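Have the sequence and the model open beside you.

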Amino acid sequence: MRRVFRDWGYIMRGIVRWSGRLRGVASLAVVLALVFVVQPSLTTLAQVVPPPPAPPAAQAVPVIGEIERLTLNTPGDVWSGGTIVVGGQSIIIPRNLLIDFPANRLTLQQTFAQAPAACQATGESGLARLDTCNTPGHGGLATIAANRTSSGNVIAGDVFFQKGIETIRGNITYINYAEGYYRLDGNPNDATTGVMVRLNDPTARHSVQLGAGCAGGPNCSPDPRFTDDPDNYTEAFETGYPMCIPSTAPRTFTDVLNLSGTPSAQLTARANPDGSGDLLCPTTNRPAPITAALLADSAVVLADDSRRLAPIQLGDSVLEMGNFETVNGVRFLSAWSTHVGVKIETRVAPGQPDYMTIDRMFIDAPAFQRQRSRADFEGKTTLETSDVLIWSTHHDPATNASHEFPLASTAGCDTANGKGQCTLIGGVPDHWRIKYDVDYRTTVAVDAKLYPCPQLKADPRIGAGVCPVNGLEDNFSVLSPITHEVHARTGNKVANPGLVTIDLLGNTATNGQYLFPMGIGLGGIEILDFAELNVGLMGTPTFFSGIPWNLDRRLSPNGCIGPCEATPQPLDPFPFEGLNPRTQAANVIFAGAGVPSGTYNDPTFTASPLTNDSNRILSFVDAAKGKFNGDTTILAWPPANPPAQPIVQMAGSVTAPGTPTGVAATVTSPTQASVSWTAPVANGGSAITGYTVLALVNGAPPKLPITVTVAAPATTTASVSGLTSGTTYTFIVSATNGVGSGGNSAASNPVTPGVPVAPVAPGAPPAPPAPPALVAPGAPLQSLTAPSAVSVAAPIQNSTIPVALGWTPSSSTGIAGYQLQQSTNGTAFADVAPQPGTATTATLKLPTGSLAAPQTYQYQVRACSGPTTCSAWTIGQTFSLTPLDDTAAANVAFRGAWSAATVAGAYGGTVRTSSLAGPSATLSGLTWTRAGGSVAWVSTLGPDRGIAAVSIDGGPPVSVDLFAATQQAAQVVFALNGLSPGPHTLVVTPQGTRNPASTGNRVDVDAFVAIL
């Protein structure tokens, strides 16, 4: 497959964009670039603010994080879908989705098929943390744009994989010309210090590699999926001039450049030990810097012969991007991108090619709720005055061939606006920039500085027929439909397409062009963050149905392998938003404005008129015409709205296991004790492999620790020997799984092996044996119950909710009762009232606290056979009660037809109510920190109440009937316990139905209560 490249700044930009919506994600990486264009007209012109539309049933689900699991549905199907788990979130990867890599694009099946050999042997990708072949122990990074569809499934529409996000800037202090690598920031010319860097260069475009750190991949590539881009030069100097590492390895090549005077001659290139003398990586392309003619104090290197690459040198400052690998004990950065901080320019002379790079770029994607289409293109060339032409590329569904259409021109921009607008901006050489902002208001005049048509028409190389009307429809249609790639060429390349460049092996290479891929996570495809318009609509879905290749994979680069299918190949299942991408821009900010809908007919783009220009969003190229073809080439819409898919519970976030409970000890000899326990409730998502028992004396390990390790799950008992007769011991137990060891249990009952017996006087009866120590009960576990009721009080934080506690009984006989104690917000433990007696449960009405200041509780319990004879305490985990009223907008999102109502006795006094089928209330944004968490929904029961469905994490819905003969406010109508650590989402959906005895369908959402 052809490899593609995306600028690092925009990769990180994608992370930043989503991290603003997922608090804390920004710590994943240092933000290297952020592009954000704000148009003054949005705030300075009179605006109308109509009531916002009803939120859609579907909603956007952006996910960024470590890949925990990655599975493939059908290994024999190259277009197969699968499932990915990131941050505990299970996401469907639909069939026909192409996944973006930093400089590559693969199907999910190819992601598995091209994995390192050890991973192929186990049927794994090697990118998931839980893959057995993943020796580093951490997963790759996934940036996913997905929708939670109306059926409740989370389905991806755009996926971007990175193996690592390591970024290093430093100076080259050592170059190994024999093995093709270098080091940064070590001692000068020291082969052992500094960070080792190997280019991930499987085609040997820039380097010839062997020796230390070499893997079985081509040219020592440890993972060719994360290759550099050999055609668009991700390993380059500041201006896009491609770099090379001189090599002492001999390379024979045909003299196509006529370096010898005999074009058909066979030449051999081989560097000297110091890197000089490499015919294919000549030091003559790195002469002494000179000052740029157009900019004082600017050091420029003028390459002698730009048909060949230019070498890196000691002292160069570089920015490396890639991931660390360890091969045969050698650790190095495997770089897919190298940015060398040297400005190399090319000579203006016959036969001399030039080079370019795009540093950053984006184009707005549907549904255009900003009521404008924006784009930004920026980069550098190796000529002081840049001359760049850019085309959008669109693939037809018959042959998957690429067809190019005019998009931008620096010369046209400068001609339409005056010199210095798009090149030599501020007098800076080599740099160029073009930006568009097409306003959908018909009252706004076409602006040559911000609209594409005036600039395209000003470049005679594009053709006088472009944009015949130069109206809103023309300008909108230059930028739509959204393109998956842009192809930029220099004016020198356009005028001289036969210019030749050769690489480090003497093979023909590219020049004067840059093919720039685009994606949502990858960057370039700009989707709207609704924080810019209406924070109440942050969950508005991503409009995947407005991006053509989602509706037909054949329209994507690499969208056909072999002959194309005869029918459209949409994402399956489709992450359908349920809304039309052509209509969502209407009247959002300005009344009367929306996606242009007049007639469109530009022979440069379309072979026949398009009756309604909004259909340009869904247009595709007719293979026979080589152009769009008006009303005959419009994709079918809408796509299939998928029914609910089974959500298979996959172990996601794997942690260390929980703590064992019920630890009990008995003496078995003067130097030995038997210890038993109950396995933890939570194994952390990975099977428990063993237990460690540690003996304590006075609450601490003895000077010579006494431990015993036993395997699991065969046993939950251990025999501990080596004890000292007469010494009192307690024991603690911890569990271990594939991640590590969990916390220590509460201490067991004390035992004293081999206590000496006092001599007995003749004739006196023997002393009675000491009673055995009581075995401690299990740790108290808390839960919420339904039905129950919240007792609402003033102030609201004094309201109480019943919390049930339970523990496993002591295994000792003769237990007279249990003593239960409570600690609130870290205070000292004190007896609860009333005490439980012999029961092993207790229900307590606990103050809820508030969302800003939740109440924290902890309980301990012990078994007693008399007033002073008791076992050791068993301490339960600390937990927090967290109430969330219906007004807690940061955590409770209402979508659809809900209205506020006052209900006497309700928590907070108000509820949200709906009687229709389809609206939903979603609780999210909470993180459960340990196993055994709980969540409850508080509602109103009554004679006119209906039926609702409740779903957790997209699981099967549970029906809740809210009918009661009399109205009862603040009732716990649904509760779920035993939640795993991590984030969870609860969705309440009114069904529009009722109990036959009810007089209405009304469903109230009063509050939620969580035990975290």
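Arg616 places its charged end over the ring of Phe628, 4.2 Å from the ring centre. Likewise, the charged end of Arg553 sits over the ring of Trp79, at 3.7 Å from its centre. Here a charge sits over a ring if NZ of Lys or CZ of Arg is within 6 Å of the ring centre and within 35 degrees of the ring normal.

This is a predicted model, in which local features need pLDDT of at least 70, side-chain atom pairs count only at pLDDT 80 or more, and totals for chains, interfaces and linings use all residues. Residues are numbered from 1 along each chain as its sequence is written, and side-chain values use heavy atoms, with hydrogens and water left out.

Searching the whole structure turns up 20 aromatic pairs. Rings of Phe, Tyr and Trp (its six-membered ring) pair if their centres lie within 6.5 Å; planes under 30 degrees apart count as stacked, over 60 as edge-to-face and the rest as tilted. Two stacked pairs are shown here:

| Pair | Centre to centre | Angle between planes |
|---|---|---|
| Tyr729 and Phe731 | 6.3 Å | 25° |
| Tyr859 and Phe879 | 6.2 Å | 20° |

Tyr859 belongs to strand β45 (residues 855-864) and Phe879 to strand β47 (residues 879-885), so their pair ties together parts 20 residues apart in sequence. Strands are DSSP runs (E, at least two residues), numbered from the N terminus. Tyr859 is buried at 2% relative accessible area, and Phe879 is buried at 1%; buried means under 20% (1.4 Å probe, protein chains only). Elsewhere, ring pairs link Phe101, Phe161 and Phe226 into a cluster.

Terms used
Helices (H or I, at least four residues) and strands (E, at least two) are DSSP runs, numbered from the N terminus. Buried means under 20% relative accessible area, exposed over 50%, partly exposed in between (1.4 Å probe, protein chains only).
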